[in-house]
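The following note is intended for a colleague who is meeting this structure for the first time. Please read the points with the sequence and the model at hand.

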Amino acid sequence: NKNSRSWCLSHVTARSPQLDIWPLPQDFTSSMEQYPLNPHTFHFGYGKQSVAQRGCSVLDSAFKRYFSLLGGVKFMISHLVGVGEKNLQCPLKQINVSTKVKAVLNAETVWGAVRGEHVRLLLGYFVNKTEIVDFPRFQFRGILLDTSRHFLPVQTILKTLDAMAYNKFNVFHWHIVDDPSFPYQSCTFPNLSSKGAFHPMTHIYTQSDVRRVISYARLRGIRVLPEFDSPGHTSSWGKGTSNLLTPCYRSGIPSGTFGPVNPALPSTYQFMARLFQEVSSVFPDSFIHLGGDEVDFSCWRSNPDIRTFMQKMGFGVDFAKLQAFYMESIVNITSALKKTSIVWQDVFDYHKRVSKYMVEVWRAGCYLCEVRKVAKAGLRVILASPWYLDQPGPTHDWARYYTVWPLAFKGTDKQKKLVIGGEVCMWGEYVDATNLTPRLWPRASAAAERLWSDERRTSNVDQAFPRLQDFRCKLVRRGIQAEPLYIGHCKHEFQGV
C-alpha cells in the first residue's frame with residue numbers, strides 16, 4: 001500500500017534526529033524515550049486559542065503540502081505558538097490539538113510555523129522525545145536566478161521555490177532582465193519585451209506569470225526581490241525604447257552601437273520613473289534591486305554630449321561621478337515609491353557617501369574587506385561573493401560554500417549586525433532548465449545551513465557530510481533532482497524523478 005510505504009520512509013529509530021535535519025537547528029535535545037504514532041489519526045489542525053484559524057491561506061496551504069509529502073498520511077500538529085521570522089500577515093499565537101502524542105511548535109508568526117519543518121522530519125511510526133529551539137541566524141537568505149541569459153519556464157522557477165523552502169531560504173532574487181533579453185512583459189512599455197525578449201510570445205513573463213510566482217513564493221514564506229539592473233547590462237532595453245541608451249562614437253562620429261543608459265537626458269529619468277512605478281506595484285516586496293554593476297565607461301567617454309554634460313555638472317572627466325549621479329537619481333525614484341534599494345558593491349565603491357541603499361558584495365578577492373568597509377559606513381550588507389554556483393563543479397566541493405564565515409572581519413557588534421545575510425547566485429550563461437536543479441542542489445544547501453544555523457555548531461565538514469547526504473536523499477524523494485555527494489545510494493531512489 002502506497003501510504004504505508006511512504007510512511008515508512010520517515011520512520012525514526014532511536015538514533016539522534018540530528019542526522020535527519022538540515023539546516024541544523026539552533027538547539028535541540030533528544031532522548032531515547034519513544035512514542036508510537038498512528039498515521040491514520042495524526043493530522044494538522046488549528047487550536048481554539050490560535051489567532052490564525054481555518055482560512056489563513058499560508059497555513060492551510062502548508063497543511064496540504066505536507067500532507068502530500070507524507071504520502072497522504074493524516075498529520076496533526078498540536079501547538080504552534082511562536083518562533084521565527086516576523087513580518088507580513090497572519091500573526092499566529094497558538095494552534096493546539098490534543099492527542100496521545102503531542103507535537104508542539106511555538107511560532108510568533110505563520111512564517112516561523114511554516115519553517116518548523118523539523119517536526120515533520122522526525123515523524124514516523126515511532127518518534128523520539130525531542131525538543132527543538134530554532135530561529136534563523138541571518139534574516140536575508142537568498143537565491144538569485146538569472147532569467148535573461150537563458151529563459152527559465154515558470155514551472156522551473158516554482159520547482160526552485162519548493163527546494164528553497166525545504167532549505168529555509170526566504171528571498172528569491174529575480175534577476176529578470178539583462179543584456180541578452182528582456183522577458184518581463186511591461187504594461188507601460190510593452191515594446192521592451194515584444195522587441196527585447198528572445199521570443200515575444202513564448203519567452204516572456206506575463207503579468208499573470210509574475211503574480212503566480214509571487215503568490216507561490218509567499219505561501220512558502222519566500223519574498224520575491226526583482227532586479228532591473230542599470231545603467232549597464234541594458235542592451236535588450238534599447239531594442240524597444242529609443243533614446244534610452246547612449247550612442248557610441250568612433251573618431252568623432254556615431255558608430256551605430258550603443259552603450260549604457262544615457263544619464264544626461266531628462267527623458268531617461270522620466271522613463272525610469274514610469275517603469276519603476278509599474279514594477280513597484282507589480283512586486284509588493286519592500287526591497288528592489290537596482291543593479292549598478294560593471295558599467296563600461298568607454299561609450300560614455302566617446303560621446304561628446306555626455307562629456308559636455310559632465311563639464312556642466314562639474315564632474316570633469318571622472319565617469320565614476322557620472323555613474324554615482326545616475327544611481328543616486330534612480331535610488332531617489334524608488335525611495336519616493338517607498339522601496340528600499342539594494343545595489344551591487346560597485347555603486348558603493350564609486351559613491352561612498354551615505355545614501356539610502358543596501359549593498360550586495362559580489363566581487364571575489366578579499367570580500368570580507370569589502371563587507372567591513374560597507375558596514376563601517378553604516379550601510380546594511382548582503383554577502384554573495386563566496387556563493388556563485390553558476391560554474392559547474394563537482395558536488396564534493398560543497399565544503400567551500402560551507403566553510404564561509406560572513407562575520408569574520410574586524411568590526412564592532414553594531415557593524416556586524418549590519419550584515420543581514422547572504423545569497424547564492426545562479427547566473428545564466430551556462431544554465432537553463434535542463435541543468436539548473438542539479439547544479440544548484442545540494443551545493444546551495446551548504447550555504448543554507450551557513451545562513452540559518454549556529455556557526456559554532458556547524459563548522460565541522462566531516463560531521464555535516466552525513467546529514468547533507470541524508471538531506472540530499474530527502475530532496476530527491478521530493479522531486480528535486482539534486483546531485484549525489486559521493487558514492488552510495490538513497491533508500492528510495494528515483495521515485496517520481
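**Notes on selected elements**

1. Ile-382 stands opposite Gly-421 in strand E14. Phe-140 likewise stands opposite Gly-421 in E14. Strands here are DSSP runs of E with at least two residues, helices are DSSP runs of H or I with at least four residues, and both are numbered from the N terminus.

2. The model is predicted: local features need pLDDT of at least 70 and side-chain atom pairs count only at pLDDT 80 or more, whereas totals for chains, interfaces and linings use all residues. Residues are numbered from 1 along each chain as its sequence is written, and side-chain values use heavy atoms, with hydrogens and water left out.

3. Strand E14 covers residues 419–426. Strand E5 (residues 140–146) pairs with E14 in the parallel sense over 6 bridges, where pairing requires that DSSP finds at least two bridges between two strands. Strand E13 (residues 381–383) also runs parallel to E14, joined to it by 3 bridges. E14 is mostly covered, as 8 of its 8 residues are buried; buried means under 20% relative accessible area, exposed over 50%, and partly exposed in between, with a 1.4 Å probe and protein chains only.

4. Helix H11 (residues 304–313) packs against helix H12 (residues 319–336) at an angle of about 80°, and their axes are 11 Å apart. Axes are lines fitted to C-alpha atoms, for helices over the stretch in contact, and angles run from 0 to 180 degrees between N-to-C directions. The two helices, H11 and H12, are therefore roughly perpendicular to each other, a term for angles of 65 to 115 degrees.

5. Which residues make the contact between H11 and H12? H11 contributes Ile-306, Phe-309, Met-310 and Met-313, and H12 contributes Phe-319, Leu-322 and Phe-325. Contact means heavy atoms within 4.5 Å.

6. Asp-60 lies in helix H2 (residues 57–69). With a relative accessibility of 19%, Asp-60 counts as buried. Apart from neighbours within four places in sequence, Asp-60 is in contact with Tyr-46, Arg-54 and Gly-55.

7. An unreviewed UniProt entry places the feature "active site" at Glu-294; such annotations may be inferred rather than shown by experiment. Glu-294 is found in the loop between strand E10 (287–291) and helix H10 (298–302). Its relative accessibility of 45% makes Glu-294 partly exposed. When residues up to four places away in sequence are not counted, Glu-294 touches His-233, Asp-346 and Trp-362.

Conventions. Angles under 35 degrees count as roughly parallel, over 145 as roughly antiparallel, 65 to 115 as roughly perpendicular and the rest as oblique.
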